[in-house]
Amino acid sequence: MRRSVLIVVSLAAGLLLGALLVGSLKMSSFFGRGPDPETVAAASLQSVREQARLSPFAARFVAVVTSSQSRFGLSAQKTLIMPGMVRYEIDLAKLQPRDLAWDSEKKTLSVTIPPLEISSPEVQLTELREYGGNGVLTALTDTEDRLDAANRQRGQQELIRQARQALPMRLARDAARRAIERSFAMPLKAAGIDAAVAARFPDEARQDPSFLDRSRSIEDVLKERQQKR
């Protein structure tokens with residue numbers, strides 16, 4: 001219950017910050033001070049960072065693992081079926097001004113997204129299924145407890161392994177890009193700026209040299225304005 005409340009509060013705070021940002025941009029436009037893209041991007045960055053973490057994608061996986069032990073000439077084996085939910089997250093607090101750049105010719109804001117993080121699996125305990133384990137060895141020793149512990153550890157590892165496979169990682173990355181692009185595109189649109197937003201991960205930016213060909217870094221813009229004050 002506590003986790004759900006925190007998520008709702010975080011989302012509500014993000015919406016409030018977004019509303020305040022859009023409102024301030026509209027007021028600036030009303031008084032004849034139309035904001036430039038760098039100003040909007042810098043304000044949007046602060047709003048996005050305040051949301052702390054983004055969970056753009058979640059997927060359910062099922063691990064099937066088997067462990068066995070042999071002692072005193074006897075053997076025992078147990079199989080565990082472990083369903084679990086894995087969330088793909090981004091630490092928005094890691095976004096920095098250097099991760100944003102404005103291309104005035106293409107009218108495109110480039111955003112380099114922090115690396116995707118995979119949460120610990122949320123195991124659905126009510127759906128756990130175990131098979132085997134009956135026998136003399138489990139009845140006379142602690143073998144069954146050992147098998148259970150081994151299966152649960154291996155089950156967690158298997159869920160993470162499945163979560164890191166190419167397809168779910170691609171889906172999670174796509175969802176993260178769309179979410180970040182919307183977060184920066186909405187304030188630009190509200191300010192009356194016709195611009196595109198291109199979000200990519202650090203490894204993707206390195207693979208595409210054109211992504212690094214930036215005409216004006218937001219970080220440089222902020223430094224210039226601080227020097228002029």
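Me: Which residues are linked in a network of salt bridges?
Reply: The model is a predicted one. Side chains of opposite charge can pair when their charged atoms come close. Here such pairs join up into a network, and its members are Arg173, Asp174, Arg177, Asp203 and Glu204.

Me: The charged end of Arg173 sits over the ring of which residue?
Reply: Arg173 belongs to the salt-bridge network. Its charged end also sits over an aromatic ring, 4.6 Å from the ring centre, where the cut-off is 6 Å. The ring is that of Phe201.

Me: How many salt bridges does the count come to?
Reply: A pair counts if a side-chain nitrogen of Lys or Arg lies within 4 Å of a carboxyl oxygen of Asp or Glu. By this rule, the count is 12 salt bridges.

Me: How many residues apart in sequence are the parts that Arg53 and Glu89 tie together?
Reply: The side chains of Arg53 and Glu89 meet in a salt bridge with an N to O distance of 3.1 Å. Arg53 lies in strand 1 and Glu89 in strand 2, so the parts they tie together are separated in sequence by 36 residues.

Me: Which residue forms a salt bridge with Arg87?
Reply: The closest N and O atoms of this pair are 3.2 Å apart. Arg87 lies in strand 2 and its partner in strand 6 (residues 122–123), so the pair ties together parts 35 residues apart in sequence.

Me: Where does Glu130, the salt-bridge partner of Lys78, lie?
Reply: The side chains of Glu130 and Lys78 meet at 3.7 Å, N to O. At 36% relative accessibility Glu130 counts as partly exposed, whereas Lys78 counts as buried at 3%. The pair links distant parts of the chain, 52 residues apart, with Lys78 in strand 2 and Glu130 in strand 7 (residues 129–132).

Me: What is the aromatic pair of Phe57 and Tyr88: stacked, edge-to-face or tilted?
Reply: The structure holds 1 aromatic pair. The ring centres of Phe57 and Tyr88 are 5.6 Å apart and the planes stand at 50 degrees. Planes under 30 degrees apart would count as stacked and over 60 as edge-to-face, so the pair is tilted.

Me: What percentage of the residues of the protein count as buried?
Reply: The secondary structure comes to 7 helices and 9 strands. The protein exposes about 13600 Å², with 53% of it supplied by carbon and sulfur atoms. Of the 229 residues, the part that counts as buried is 38%.

Definitions and conventions. Residues numbered from 1 in each chain as written. Predicted model: local features only at pLDDT ≥ 70, side-chain atom pairs only at ≥ 80, totals over all residues. Heavy atoms only, no water. Phe/Tyr/Trp six-rings, centres within 6.5 Å; stacked < 30°, edge-to-face > 60°. Lys NZ or Arg CZ within 6 Å of the ring centre and 35° of its normal. Helix = DSSP H or I, 4+ residues; strand = E, 2+ residues; numbered from the N terminus. Buried < 20%, exposed > 50% of the residue type's maximum accessible area, 1.4 Å probe, protein only. Areas by Shrake-Rupley, 256 points an atom, 1.4 Å probe, with all protein chains shown as cover.
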